[in-house]
Amino acid sequence: ELDGVTKVDIVMTAEKIERRLIAVGSGKGGVGKSTLSTNLAIAMRALGRKVGMVDADIYGPSQPRLLNCEGQRPEAEGKQLIPVPNEYGIPVLSMGHLAKPGQAIAWRGPMAGKALEQLINAHWGDVEELIVDMPPGTGDVQLSMMQNHKPVGAVIVSTPQDLALMDAVRAVDLFEQAKIPVIGMVENMAGYACPHCGEISDPFGAGGAEAAAKTMNMAFLGRVPLDMDIRKASDGGVPPAATDGGQGQAFHDIAKRLVT
Ligand code: ADP
């Protein structure tokens, strides 16, 4: 059942391109899955890969904002969408490009599944790696994504809290059931540097994701600190990984572990 074909490999370009999907998932929302997806894509591009972004978070798309290409509508060639370009060189497709601004996407599973197919089976051209910003949790969209497109691997994001971690364990289980290798775990919002005195505190605890990764026998890919600049820059359409210095380095370090 879960051994679906990797449709994305059969792209409608003349030459066959081995396109690899990397899913970025989390057990719950708000842990930084989209932020990690964007910055990983940019960091992998900096390592010379041709990277595209599928915003599979159908009900809560944020990639148009993060990649600073909000309000653009993708063109189409035949029945295939053409990904939206942006200043970061990461072609992207998102429901955010298809819905009206602020419009709630009130679809049931099958509709959302069809939308996802449109985003993935698009005109990706010479893109080698597609980062898939998954919806949080373990629902319909996640299942059809894994069944139909077989990502080569998944990166799981968690914050250090116990509850978020328990959800992350469920996300890991979902990928494992679908026989998608889990590449490893990233701990986000770990350690907060006080902007006034510089003291590092751990509002959500520390080291939990690393410990959980160890327990589950999977790689720990790195941690990204809780930093106001990450939020400000991200929400302003300037992903930290696209800027020299600052917290962007954490994402470049993680990308190096993914790209061989
Ligand atoms: P998700 O995709 O898991 O729902 P997002 O990536 O949208 O989460 O992040 C949720 C919010 O938290 C965003 O406003 C984002 O800018 C912020 N955020 C994410 N990671 C960090 C971080 N390390 N430090 C500060 N803010 C962060």
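A residue is buried if 20 or more other C-beta atoms lie within 10 Å of its own, exposed if 12 or fewer, and partly exposed in between, with C-beta atoms placed from the backbone. Helices (H or I, at least four residues) and strands (E, at least two) are DSSP runs, numbered from the N terminus.

Residues are numbered from 1 along each chain as its sequence is written. Because the model is predicted, local features need pLDDT of at least 70 and side-chain atom pairs count only at pLDDT 80 or more, whereas totals for chains, interfaces and linings use all residues.

Contacts were assigned where the C-beta atoms of two residues, placed from the backbone, lie within 7 Å. Residues up to four places away in sequence are not counted for Ile156, which touches Gly25, Ser26, Ala168, Ala171, Val172, Val182 and Met185. Ile22 lies in strand β1. Ile22 is buried, with 20 other C-beta atoms within 10 Å. Beyond four places in sequence, Ile22 touches Glu129, Ile131, Val132, Pro151, Val152, Gly153 and Val155. Ile22 and Asp229 are 207 residues apart in sequence, and their C-alpha atoms are 26 Å apart in space.

Strand pairing was examined next. Two strands pair if DSSP finds at least two bridges between them. Strand β7 (residues 153-158) and β8 run parallel and are joined by five bridges. In this pairing, Val155 has Gly184 of β8 as its bridge partner. Five bridges also join β8 to β10, again in parallel. Here Glu187 is partnered with Arg223 of β10, and Asn188 with Val224 of β10. Five of the seven residues of β10 are buried, so β10 is largely enclosed by the rest of the structure. With strand β9 (residues 200-201), β8 pairs in the antiparallel sense over two bridges. Tyr192 has Ser201 of β9 as its bridge partner. β8 and β9 form a hairpin with six residues between them. Gly198, in the turn, has a positive phi of about 80°.

Positive phi values also occur in residues other than glycine. Met189, in strand β8, has a phi near 60°. Met189 is buried, with 25 other C-beta atoms within 10 Å. Asn217 has a positive phi of about 65°. Asn217 lies in the loop between α6 (208-215) and β10. With 7 C-beta neighbours inside 10 Å, Asn217 counts as exposed.

An unreviewed UniProt entry places the feature "binding site" at Gly27, Lys28, Gly29, Gly30, Val31, Gly32, Lys33 and Ser34. UniProt positions are given in the numbering used here, feature names are shortened, and annotations may be inferred rather than shown by experiment. Gly32 is found in the loop between β1 (20-26) and α1. Gly32 is buried, with 23 other C-beta atoms within 10 Å. Ser34 is found in helix α1. Ser34 counts as buried, with 26 C-beta neighbours inside 10 Å. With the same exclusion of neighbours within four places, Ser34 is in contact with Asp57, Ser62, Gln63, Leu66 and Asp133.
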